[in-house]
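I opened my notebook to record what I looked up in this structure, one entry at a time.

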Amino acid sequence: MPTAIAVTSPDLALPATDRQTPAAVVLQAPHLQPLDEALTETSAVLEHHGHIVALYSSACPPAHIRRLHTLRAVLESDRIAIVPLSLPPLGVAVLARQLRQLSLCDFSPGVLASAARLLSHYLHAGALLGSVGGLDHIEVDLRSHVKSWLPGVHFAVLAHPAPRLLQLDRHGGGAGLPAPGFTTQLALARGQFTGDWVSDTLAPAWQVQGVFETRLPAESAEWWGTRKLVEFAAGIPDLSVLHQLVSSVLRERCGWCGLELLGDRCAFCAAPLARPRTAGGGGPAQGPAAIAAPAPRAVAEAPPVLPHAPAAPSAVPDAPEVPAAHRAPAVPDVAVRGPQYPPGGPVAPGNPYGSGPPVPGNPYASDGPRTPGRRDLPGQASFAGHPDRSGRPGAPGTPRTVARVR
């Protein structure tokens with residue numbers, strides 16, 4: 001059975017676009033379900049699916065987050081991954097549906113769980129707000145706070161991937177928000193707001209493949225600081241493109257639990273990826289190096305391009321015909337690379353997935369074998385492509401003094 005994808009509320013479980021996509025598992029809040037019932041249901045899901053990947057947003061109540069960790073601790077199961085996300089609630093719902101689609105593919109539970117961080121980079125989530133007085137997830141200047149009190153002033157806010165705040169006049173104005181550089185499908189959820197700016201202005205400007213409306217998640221009012229909003233989230237709907245994004249990233253193996261993972265941290269046991277030491281940095285019997293994971297291969301093979309990607313599911317039922325210029329690009333059978341950046345060129349910020357010239361739509365894919373003795377330190381662009389040099393304080397491979405107790 002495929003890995004179960006769990007969410008914290010029924011309104012985060014978006015309807016599937018086809019009959020094959022499995023439903024999401026809902027882990028109820030503590031005030032809605034006693035602990036013994038939650039333990040029974042979670043145990044049954046584990047027996048049926050093998051592993052659970054639970055997603056929650058930063059607006060999830062602390063008591064609900066404690067319930068997730070309680071279930072994992074009481075069941076003494078290392079097959080439950082609890083993945084926090086900084087996305088707005090509707091963005092979490094879109095990401096959960098993408099993982100539900102990918103759960104039918106040949107990805108291991110560790111890869112599927114860590115793919116949540118990767119795919120979140122390709123989500124564009126925001127909202128149309130009537131006031132930014134309660135918005136604290138992105139920076140809001142004093143002028144925007146003052147203008148929130150003026151009648152007829154609305155704000156278009158993009159929270160992810162790059163924060164952006166735009167003031168709209170009475171007539172809505174243009175889109176203003178930067179569009180995704182790839183084909184997406186737009187989800188929108190209306191709160192106590194009657195504006196049509198998202199569907200009438202933003203969707204055509206972003207050239208989305210389709211628009212569908214769902215109910216507003218209960219956590220959205222807390223995340224945006226107001227109930228007067230229209231939340232939106234644009235994500236990649238094509239399963240073949242999602243499959244290629246995840247397949248093109250170099251996989252590692254967790255030194256603690258043994259699961260495959262993408263990036264620098266295991267989603268199931270939260271252990272960081274162990275890096276091998278360079279010469280002079282200690283050996284298997286020298287202090288902290290003794291508990292390090294086995295050294296990975298010196299040169300890793302470039303990720304293969306699957307010759308037969310899964311067929312893409314249909315978009316929104318009864319959706320209008322999309323012009324050829326706006327359709328998602330076909331996935332080729334051979335590796336197609338993006339622009340060749342020179343050495344020392346631009347590096348994607350916050351990149352836990354390797355380095356190199358990007359595959360189109362995936363700036364986090366490795367494009368070739370690694371060089372022995374060189375490290376791509378996750379999230380640190382200044383270290384990308386530079387060898388580890390012992391002797392610098394705190395640098396990987398630097399000998400450390402270990403206290404001896406006689």
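This is a predicted model: local features need pLDDT of at least 70, side-chain atom pairs count only at pLDDT 80 or more; totals for chains, interfaces and linings use all residues.

Entry 1. How many of the nine residues of helix 8 are buried? I found eight of the nine, so by the under 20% cut-off helix 8 is mostly covered. The buried ones are Leu 239, Ser 240, Val 241, Leu 242, His 243, Leu 245, Val 246 and Ser 247. When I looked for what covers them, I found that helix 3, helix 4 and strand 12 are included.

Entry 2. I then turned to how two of these helices meet, keeping in mind that two packed helices are described by the angle between their axes and the distance between the axes. The axes of helix 3 (residues 89–102) and helix 8 (residues 239–247) come within 10 Å of each other and cross at roughly 85°, which means that helix 3 is roughly perpendicular to helix 8. On the helix 3 side I listed Gln 98, Gln 101 and Leu 102, and these meet Leu 239, Leu 242, His 243 and Val 246 in helix 8. Sorted by class, this contact has four nonpolar, three polar and no charged residues.

Entry 3. Next I followed Val 246, which touches Leu 102, Phe 107, Val 111, Ala 115, Leu 118, Leu 119 and Leu 262, when residues up to four places away in sequence are not counted. In the largest nonpolar core, which has 50 residues, Val 246 is among those that touch the most other members, together with Leu 55, Val 83, Leu 99, Leu 102 and Leu 119. The largest share of this core, eight residues, comes from helix 3. Apart from it I found another core of 17 residues, among them Ala 156, Leu 158, Leu 168 and Ala 203.

Entry 4. Last, I traced an open sheet of six strands, which are ordered 7-6-5-10-8-9 with mixed pairing. Neighbouring strands here are turned by 20° against each other on average, direction ignored. Strand 8 (residues 185–190) and strand 10 (residues 229–235) run antiparallel and are joined by six bridges, and the partner of Gln 185 in strand 10 is Gly 235. Helix 3 also packs on this sheet, where it touches strand 8, strand 9 and strand 10, and its direction makes about 30° with that of strand 10.

Methods: Residues are numbered from 1 along each chain as its sequence is written. Side-chain values use heavy atoms; hydrogens and water are left out. Axes are lines fitted to C-alpha atoms, for helices over the stretch in contact, and angles run from 0 to 180 degrees between N-to-C directions. Helices (H or I, at least four residues) and strands (E, at least two) are DSSP runs, numbered from the N terminus. Angles under 35 degrees count as roughly parallel, over 145 as roughly antiparallel, 65 to 115 as roughly perpendicular and the rest as oblique. Contact means heavy atoms within 4.5 Å. Ala, Val, Leu, Ile, Met, Phe, Trp, Tyr, Cys and Pro count as nonpolar, Asp, Glu, Lys and Arg as charged, and the others, Gly among them, as polar. Two strands pair if DSSP finds at least two bridges between them. A nonpolar core is a set of buried Ala, Val, Leu, Ile, Met, Phe, Trp, Tyr and Cys residues joined through side-chain atoms within 4.5 Å. Buried means under 20% relative accessible area, exposed over 50%, partly exposed in between (1.4 Å probe, protein chains only).
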